[in-house]
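Thanks, everyone. Let me put the model up and walk through a few local features.

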Amino acid sequence: MLRTIGRIALLVTLLPAGAAAQDATAVIGNASKAMGADNLKSVTYSGSASTGNFGQSKSIAGPLAVTTITNYTRAIDLTVPASRATGTTMPPAIPGAPPPQPGTLNMNVAPANTAWTQQLEIWVTPWGFLKGASANNATSRSQRIGGKTYNVVTWMTPLKAPSGQAYRVNGYINDQNMIERVETWVGENLMGDMHVLATYTDWKDMGGAMAPVKIVQTRGGLVFFDVDVTAARLNPPDLATLAPAPAPPAGRAGGPGGPPPGGAPAMTVTAEKLGEGLYRLTTGAGSYDSLLVEFKDYVMMLEAGQPEARSVAYIAETKKLFPNKPLRYVWNSHPHADHTGGLPALVAEGVTIITHQNNKVFFEHALNTPRPLLNDTLAKNPKKVKIETVGEKKVYTDGTRTVEFRHIYPSPHSNGLTVAFIPKEKILFQADYTLPAPGQQANDHIKALQPALEKMNLDFEQYIPVHRGAAPQTKADVWKAVGK
């Protein structure tokens, strides 16, 4: 079982009597003194912030659509350790959609949140970094980057990744003994050992507290979060008000994003025959469905399913249905996080991904990233990803079976989104073009899809969604949704 990172402050390991250990102790001490953090127990800072919709943007390679956060305040209690951030949020405007409405940010990280994805938010701050480095046998080395020389302090967390490895945290301390950046890595389903980098610039005295004016955090090279700091305090007397102890997440074993108690339920796959050599794989209500298409010499899977467990179950079902033919291709409708969860398992099988050309560089970067922190199928059986791209149209045929892929553009949802058309059974297979409920208006996605299909003159009758629907849908339903 993972041990909570909150125990870091209590796990002091004796340093070996060596120069590197002594150097690290001195470097940490000098930085603590310069930052006024010798007796630091807590810190708070405030200003304005913004966050990007990581994994769900229109252009998956960025820039990300940004939610602004005003009245941003963050308080960190290093004695617990715990963190709380509050503010007023304003999502980005979406063309054709109702005007965005303000919301409330209330982000808590506490010992109950065992996942490193949450805990790193404390330990990549300058103050959390020094606390962790002091308690965890840190080492130090000199490194020159961009013409500047840094003392790079490294420490390993007591918390272990799924692979059993400890997480590594590096802090880069400049010649003024200020922390300019902190980096770590976190296992991410699609992006492997994803690089997380927090940069801290323009340090200044904010009334007795040294703090950076600008904070930027990137994940996988994309700007994930940034803050313009206007005020900061060390050991604030009103910490209990700023960062009250949050209640543990109800009914969750692993905190936000963690699995439910007892682990994920087993995937039971049903194969529905739609035609000769054509099946829909589903796990029932709430499923991410896939289609299997049999060609003369191979099988093609349309959508990989998610999470990994569903993809693995679909691969097993494919081998059962077609024991004498290789699974050669998997089509990805678009690169959003909820449609890529199954891809690593397919890559581990040596399957080639079919996707729009706008997604190619992103997938190559993500799926070729080493994943020693992970313990999934691709980590156990590393393979280099193979990709074939779609422009506006691409057809796969062997003379008896044909599948067409069409790019839907412009689309407010993704610039790398395609649909699959199977002429023989007159099926259009699509993701996220969800038809409105009776009496409701079609969203901008459907309003973009219908004229594109009309222009392509695709002769389809069945309208099959990746997100399993409650009832069969047809072309007439699509046209009706937009008043045709």
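Asparagine 235 is partly exposed, at 35% relative accessibility. On that scale, buried means under 20% relative accessible area, exposed over 50%, and partly exposed in between, with a 1.4 Å probe and protein chains only. This is a predicted model: local features need pLDDT of at least 70, side-chain atom pairs count only at pLDDT 80 or more, and totals for chains, interfaces and linings use all residues. Residues are numbered from 1 along each chain as its sequence is written, and side-chain values use heavy atoms, with hydrogens and water left out.

Back to asparagine 235. Its phi is positive, about 50°, although it is not a glycine. It sits in the loop between strand E11 (222-234) and helix H4 (239-242). Helices (H or I, at least four residues) and strands (E, at least two) are DSSP runs, numbered from the N terminus.

Lysine 426 also has a positive phi, about 55°, and is not a glycine. Find it in the loop between E21 and strand E22 (427-430).

Now the cis peptides. Glutamine 306 to proline 307 is cis, omega near 5°. Proline 307 lies in the loop between E15 and H5. Tyrosine 409 and proline 410 are joined by a cis bond too, omega about 0°. Proline 410 is in the loop between strand E20 (402-407) and strand E21 (418-422).

Last, helix H5, residues 308-321. Which of its residues are buried? Arg310, Ser311, Ala313, Tyr314, Ile315, Glu317 and Thr318.

Definitions and conventions
Expected span 1.5 Å × (residues − 1).
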